[in-house]
Amino acid sequence: MSARTDSDSQGAHGSQGSPDSPDSPDSQGAPGEIAGDDEEYGPDDARRARWTATGTGALLTLAGLAAALLRLTGPAPALVPVAYALGAVVCALAALLGARGRTRRALWLLIAGVMVMALGDQVD
């Protein structure tokens, strides 16, 4: 005894509305097509991610170098400008990786670089 509804029996016989049929909007099309929200991102999204990672890395690099130079001229301990400079180097590496398309690694390096700079700020 099977409790099938009409829609289940139509889907089993290959009607056009079934998710397994090639005409259904949920079916997988060509390998490059984006079928839904869970699929890969398009080339515009990848380009935007590369530009964002590169720009953010460059901006944080400049900020870290400026902070290192400012702290170097002041009465701060020697560890403070070194921490800012090291954070700037890590952010520069993140910018380089972002430009090459390694945006996930660039994001993690940006986070690590900012954390190193924050650690230098806490020492002061």
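User: Which residues make the nonpolar surface patch of about 370 Å²?

Analyst: In this predicted model, the patch is made by Leu79, Val82, Leu119 and Val123. Helix H3 (79-99) and helix H4 (103-123) each supply at least two of the patch residues.

User: Why does Leu119 count as exposed?

Analyst: Leu119, found in helix H4, has a relative accessibility of 57%. Exposed means over 50%, so Leu119 counts as exposed.

User: How do you know what span is expected for helix H2 (residues 43-73)?

Analyst: The expected span is 1.5 Å times one less than the number of residues. H2 has 31 residues, and the expected value is 45 Å. From its first C-alpha to its last, H2 reaches 45 Å, which is close to that value.

User: Which residues of H2 are buried, and what do they pack against?

Analyst: Buried means under 20% relative accessible area. In H2 the buried residues are Ala53, Gly57, Thr61, Gly64, Ala67 and Ala68. These buried residues pack against H3 and H4.

User: What makes a set of residues a nonpolar core, and which residues are in the largest one?

Analyst: Its members are buried nonpolar residues joined through side-chain atoms within 4.5 Å. The largest core has 10 residues: Ala53, Ala67, Ala68, Val80, Tyr84, Cys91, Ala94, Ala106, Leu110 and Met117.

User: Which residues is Met117 in contact with, leaving aside its neighbours within four places in sequence?

Analyst: Contact means heavy atoms within 4.5 Å. On that basis, Met117 is in contact with Leu60, Gly64, Ala83, Tyr84, Gly87, Ala88 and Cys91.

Key:
Residues numbered from 1 in each chain as written. Predicted model: local features only at pLDDT ≥ 70, side-chain atom pairs only at ≥ 80, totals over all residues. Heavy atoms only, no water. Patch = residues over 30% accessible without salt bridge, like charges linked within 9 Å, V, L, I, M, F, W, Y side chains within 5 Å. Areas by Shrake-Rupley, 256 points an atom, 1.4 Å probe, with all protein chains shown as cover. Salt bridge = Lys/Arg side-chain N within 4 Å of Asp/Glu carboxyl O. Helix = DSSP H or I, 4+ residues; strand = E, 2+ residues; numbered from the N terminus. Buried < 20%, exposed > 50% of the residue type's maximum accessible area, 1.4 Å probe, protein only.
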